[in-house]
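Dear colleague,

I am handing over the structure below, and my notes on it follow. Please read them alongside the coordinates.

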Amino acid sequence: MRIQRVKSKWAKTNIMLKSDYLRQYMPSTKLFSRSNVQSMLEEYGMVYVKPINGTFGNGVIRVERTTVPSLGYRYQLDTAIRFYPTFEQLYQNLVKQKKNRKYIVQKGIHLLHHQKRRFDIRVMVQKNLSNEWEATGIIGRLAHPAKIVTNYHSGGTPMALERLMTDHATTSELASFKNRLRKLSITIANNLQSAYPNIKEIGVDIAIDTKLHPWILEVNTFPDPFIFRKLPDQSVFHKIYRYAVGYGRFKKRSSRP
Ligand SMILES: Nc1ncnc2c1ncn2[C@@H]1O[C@H](COP(=O)(O)OP(=O)(O)OP(=O)(O)O)[C@@H](O)[C@H]1O
Ligand SMILES: [Mg+2]
């Protein structure tokens, strides 16, 4: 049977929002419009504006209301930073950038830092060989120093969470935090499966704020398994690969080097 993939971030968000349990982990997300961007900037100070069908962090824009009136709004796309004194100027440039693609606007989370770079987390959840959901891998992703996204394809560095969290949690705190992330991610898999019965794997992007609260940024239904080769423990990738062979994503041997 074909593995089901779901592109639309908006469709997946709306399904997950029906769950009271998941809602407490989801940053407010709305369709892109003048009034939604304006009111969310007013309320949260910082937002992410993202293509509904985006990948690799492409087209993702970070917008911040500065505290200096003459500077107005700070806008960053890729490595380009601009300032717009008025909301109207900012909005016109967002519209220009968006072209005719569909976008969402999401409350921005101030990510934790490691060596002055932002990082977030990817959790891999897969159907195991007994056809049950299992959280098979957790990895941190450290953003390129000049960028606002952590994606590997945008210059981010996948890295063991143990290394990234040394300044933020003790070993035992991290162990229980990882358990919490596994439980949360398996709940997401079950939730999405009720709408998309033939999904077999998900990659959950999770931001952690300074209070160590996890925030679900998005859920991928075509997650990259190869970033997990960057972990010192190779058994993680081997299991991920084995399960992916089990549900038919790969043939038995990898064709990638
Ligand atoms: N609300 C947010 N607050 C803080 N950072 C965010 C937020 N949304 C996105 N980001 C950052 O931007 C990155 C890319 O955003 P997102 O994962 O939503 O899209 P994408 O990576 O382009 O999609 P895909 O993972 O399907 O390729 C995230 O991994 C995260 O580092
Ligand atoms: Mg992503």
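Two strands are said to pair if DSSP finds at least two bridges between them, and strands themselves are DSSP runs (E, at least two residues), numbered from the N terminus, as are helices (H or I, at least four). This is a predicted model, in which local features need pLDDT of at least 70 and side-chain atom pairs count only at pLDDT 80 or more, while totals for chains, interfaces and linings use all residues. Residues are numbered from 1 along each chain as its sequence is written, chains are lettered from A and ligands numbered from 1 in the order in which they are written, and side-chain values use heavy atoms, with hydrogens and water left out.

Strand β9 (residues 133-142) is joined by three bridges to strand β10 (residues 157-159), the two running antiparallel, and R141 stands opposite P158 there. With strand β8 (residues 117-127), β9 pairs in the antiparallel sense over nine bridges, with I121 opposite G140. Because 10 of its 10 residues are buried, β9 is largely enclosed by the rest of the structure; buried means under 20% relative accessible area, exposed over 50%, and partly exposed in between (1.4 Å probe, protein chains only).

The magnesium ion (ligand 2) is coordinated by D205 (OD) and E218 (OE), at 2.1 Å, where donors are N, O and S atoms within 2.8 Å of the metal (3.2 Å for Na, K and Ca), and sites may look incomplete since water is not among the atoms. D205 lies in strand β11 (residues 201-208) and E218 in strand β12 (residues 214-220), so the pair ties together parts that are 13 residues apart in sequence. Both D205 and E218 are buried.

Best regards
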